[in-house]
Amino acid sequence: MSDRIYIKSPREIELMRQAGRITAGARSIGRQAVKSGISTKQIDKAINEFIVRSGAVPTFLGYGGFPASACISVNDEVIHGIPGKRIVRSGDIVSIDVGATYKGYVGDCAGTFLCGEVSEEAKRLVEVTRQSFFEGIKFAKVGYRISDIGAAIQEYVEARGYSVVRDYVGHGVGREMHEAPEVPNYRPTAHRPDPRLVKGMVIAVEPMINMGAYDVKVLSNDWTVVTCDKSLSAHYENTIAITDGEAEILTMAEDI
């Protein structure tokens, strides 16, 4: 990934709105598909069909060799779950991360959804994770720094007894799914670049929050990231554009 931060023109932002609407719709399709008895592969199929039907391309499919259109991660799986034969059961929490490329521009978003009767502890984790995103983007304004977003997320999450994953972060979005700058969900160390936000920057803010410790590891499939202590994990992400005022969420859907 290049260190260059690409500032988007109004025309590019409009194309990214269109990509974002499709991506948000795909996430909604995934949310609606989360029911006891469905396989993660079936959820991925529904998402793929929606993206293609919408005239876009599934960004994740083939990206770095990833074999599906969505990352579907269950319970202690943090991110990059590979859809397959796994059956979703009542009580599970299911994280769905999806990207769609439309007219050369990418939308990227994620959410964690409840299947059936879920514990109050799991519900609270999901709610805190989602809200931490909104706490972070209060600082996604011209003049603030990238670190201000992560610091707000970290403060909100840790005050509620959860931990913020350190090994994976948000990122810039545009013609590529991963562009500069990196967007940590915590206050970064001094050696990490910390650019100021300017109008036209487009970034994906994506808190990954664990019920237990923040330590994670990658499974033998070289993709799926899980919590080391097997605690539950939740994920929430939107692509946002920096404007003259409040950040514009490009991948927002009314039901999520």
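## Two loop residues with positive phi

K230 sits in the loop between β12 and β13 (233-235). Strands here are DSSP runs of E of at least two residues, helices are runs of H or I of at least four, and both are numbered from the N terminus. K230 is not a glycine, yet its phi is positive, at about 65°. Its relative accessible area is 66%, so K230 is exposed. Exposed means over 50% relative accessible area, buried means under 20%, and partly exposed lies in between, with a 1.4 Å probe and protein chains only.

N75 belongs to the loop between β2 (70-74) and β3. The phi of N75 is near 60°, again a positive value in a residue other than glycine. N75 counts as buried because its relative accessibility is 17%.

## Basis of the model

This is a predicted model, in which local features need pLDDT of at least 70 and side-chain atom pairs count only at pLDDT 80 or more, while totals for chains, interfaces and linings use all residues. Residues are numbered from 1 along each chain as its sequence is written, and side-chain values use heavy atoms, with hydrogens and water left out.

## The three-stranded sheet

Strands of a sheet pair through backbone hydrogen bonds, either parallel or antiparallel. In this model, three strands make an open sheet in the order β3-β12-β11, with antiparallel pairing. Two strands count as paired if DSSP finds at least two bridges between them. At the edges are β3 (77-79) and β11 (216-218), each of which pairs on one side only. On average, neighbouring strands of this sheet are turned by 40° against each other, direction ignored. Such angles run from 0 to 180 degrees between N-to-C directions, and the axes are lines fitted to C-alpha atoms, for helices over the stretch in contact.

Two bridges link β3 to β12 (residues 225-227) in the antiparallel sense. E77 has V226 in β12 as its bridge partner.

## The five-stranded sheet

Another open sheet has five strands in the order β8-β7-β9-β14-β15, and its pairing is antiparallel. Its edge strands are β8 and β15 (248-249), each pairing on one side only. Strand β7 (residues 170-172) pairs with β9 over two bridges, in the antiparallel sense. Four bridges join β9 to β14 (residues 238-241), and these two strands also run antiparallel.

Which residues are bridge partners of A204? In β14 the partner is T239, and A204 is itself the partner of H171 in β9. V205 has N238 in β14 as its bridge partner.

In a regular strand the side chains alternate between the two faces of the sheet. Strand β9 (residues 202-205) is covered on both faces: V202 and A204 are buried on one side, and I203 and V205 are buried on the other.

Strand β8 contains P181. The peptide bond from A180 to P181 is cis, with omega near 5°.

## Helix α3

Helix α3 covers residues 120-136. What span should its 17 residues have at 1.5 Å a residue? The expected span is 1.5 Å times one less than the number of residues, which gives 24 Å, and the end C-alpha atoms are 24 Å apart, in agreement. Among the buried residues of α3 are L125, V126, V128, F133 and F134.

## Pocket and cavity

Rolling a probe the size of a water molecule over the atoms shows where empty space is left. On a 1 Å grid over the protein atoms alone, a cavity is a set of points where a 1.4 Å probe fits but cannot get out; a pocket is an open set with protein on both sides within 12 Å along at least five of seven lines, and lining residues have an atom within 4 Å of a point. Grid points are joined across faces, edges and corners, and a volume is the space filled by probe spheres set on the points.

The largest pocket holds about 400 Å³ of space. Of the 22 residues that line this pocket, H80, Y168, H171, H178 and E206 lie nearest its centre. Its lining has 11 nonpolar, five polar and six charged residues. Ala, Val, Leu, Ile, Met, Phe, Trp, Tyr, Cys and Pro count as nonpolar, Asp, Glu, Lys and Arg as charged, and the others, Gly among them, as polar.

The structure has one cavity of 30 Å³ or more. The lining of the largest cavity includes A180, P181, V202 and I203. Strand β8 (179-183) gives the largest share of that lining, three residues. By class, the cavity lining has eight nonpolar, one polar and two charged residues.
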